[in-house]
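Trainee: I've got the model open and I'd like to talk it through with you. Can we take it piece by piece?

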Amino acid sequence: MRRTLVALAASAVLLPACTDGTGVERPSPSTSDPTASGSSSTTAPATSSPAPSTPPLPEPDVWIPRRAGALARELEATWMARRAAVRRWMRSGDPGAWPPPDDVELLVLHEQRIYRMLAADDRLAAIVLGRLGSGAAREAASNVRAGGALYDHFSPVKELPDFRTRPPEPADVLRRYFDQAQERFRVDWEVLAAVMLIETRMGRIVSNSSAGAQGPMQFIPSTWAAYGLGGDVREERDAILGAANYLSASGAPSDYRQALFHYNPVPAYVTAVTGYANAMERDPDLFYAYYNWQVFVRTTRGDVRLTGPGL
């Protein structure tokens, strides 16, 4: 299932993207002074402790520190806040509907921008990873390794591809499709999610590649004819089932590296899919963060964001 460099570079090296949406900084909740009791006693009135302030959400293009110590603190704080925001979304929100909450999108996108910086600078990444707590460090290492592999392999493009984009299917809808494909073909849902993340950012890219690859899982027509099970290559459920069928026929789950190399014969691609899949296996909730990664294209003139709130 070979596809061109431009299409994969744009959809795979988007990694840490900088998007989000509203551009509005949320104020910290304020607290009011307690009122006096009205007593004539000379004893000072009791006051309640002020509620802890909530840091404002990061704006889409907020400045990111370049020094390793400050950057490590920024990444760890964002990681913690993002995990809490995702948990709130899962427990009291509706991941089965579009769009995701603002706080999830803003925090995820801030994380992406940091990871993009680290993917481009091995030395900085090593220092930052060494200063993170164990929980954040393990997840960050997977993201940096995956993003760095893609960053090193694919060069920036000179001209911006003419991509057509759209909002993805809701997160829980996609997750259900991944689970159905896993049950039918014994291909781990995390691997399928990682493939879709890299190929089209969970279906955000709807254009064909210049090599003719189509749909959210990017199938060449001849491969789809053989493994697509008679479905519609542009429909998410059909494409995910087709990808699971193809990976299964190519060696999964016994040999995922071989199967992924059949899917896309680029070692960096195999490394990236494996890294993201392993991270989701350790923390399944991470899927809801990756779901919110946006489409960025790395050009010779810099990064260009194609999707996300505010565009």
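Predicted model: local features only at pLDDT ≥ 70, side-chain atom pairs only at ≥ 80, totals over all residues.

Trainee: Are α7 and α11 oblique or parallel to each other?

Mentor: Look at the packing: the angle is about 130°, and the axes lie 8 Å apart. Angles over 145 degrees would count as roughly antiparallel, and 65 to 115 as roughly perpendicular. That makes α7, relative to α11, oblique.

Trainee: Which residues of α11 does α7 meet?

Mentor: On the α7 side you have Trp 189, Glu 190, Val 191, Ala 193, Ala 194, Val 195, Leu 197, Ile 198 and Glu 199. Their partners in α11 are Tyr 269, Ala 272, Val 273, Tyr 276, Ala 277, Met 280 and Glu 281.

Trainee: And how do α7 and α10 run, roughly parallel or roughly antiparallel?

Mentor: Here the angle is about 30°, with 13 Å between the axes. Under 35 degrees counts as roughly parallel. The crossing of α7 and α10 is right-handed. So the two helices, α7 and α10, are roughly parallel.

Trainee: Which residues of α10 make that contact with α7?

Mentor: From α7, the contact uses Val 191, Val 195 and Glu 199. Val 191, Val 195 and Glu 199 also turn up in the α7 set that meets α11. On the α10 side, the residues are Tyr 256, Leu 260 and Tyr 263.

Trainee: Where do the buried residues of α10 sit around its axis?

Mentor: α10 spans residues 256–263, and its buried residues are Tyr 256, Ala 259, Leu 260 and Tyr 263. They cover an arc of only 95° around the axis, so they are on the same side of α10.

Trainee: Which backbone nitrogen does Asp 255 reach at the start of α10?

Mentor: Asp 255 gets there with a side-chain oxygen, at the start of α10. That oxygen comes to within 3.4 Å of the backbone nitrogen of Arg 257.

Trainee: On to α9: is Asn 245 buried or exposed?

Mentor: Asn 245 is in α9, residues 236–249. Its relative accessible area is 15%, and the cut-off for buried is under 20%. So Asn 245 is buried.

Trainee: Which backbone oxygen does the side chain of Asn 245 reach?

Mentor: Leaving out residues up to four places away in sequence, Asn 245 touches Phe 185, Tyr 227 and Leu 229. One of those supplies the oxygen, at 3.0 Å from the Asn 245 side chain: Tyr 227.

Trainee: Now Ala 289: which residues does Ala 289 touch, not counting residues up to four places away in sequence?

Mentor: Ala 289 is in α12, residues 287–290. Ala 289 counts as buried because its relative accessibility is 2%. The C-alpha atoms of Ala 289 and Val 86 are 7.3 Å apart, though the two are 203 residues apart along the chain. The residues touched are Arg 82 and Val 108.

Key
Residues numbered from 1 in each chain as written. Heavy atoms only, no water. Helix = DSSP H or I, 4+ residues; strand = E, 2+ residues; numbered from the N terminus. Buried < 20%, exposed > 50% of the residue type's maximum accessible area, 1.4 Å probe, protein only. Polar contact = N/O pair within 3.5 Å; in protein donor to acceptor, adjacent residues only side chain to side chain. Contact = heavy atoms within 4.5 Å. Arc of directions from axis to C-beta. Axes fitted to C-alpha atoms, helices over the stretch in contact; angles between N-to-C directions. Left-handed = near helix turned anticlockwise from the far one by under 90°.
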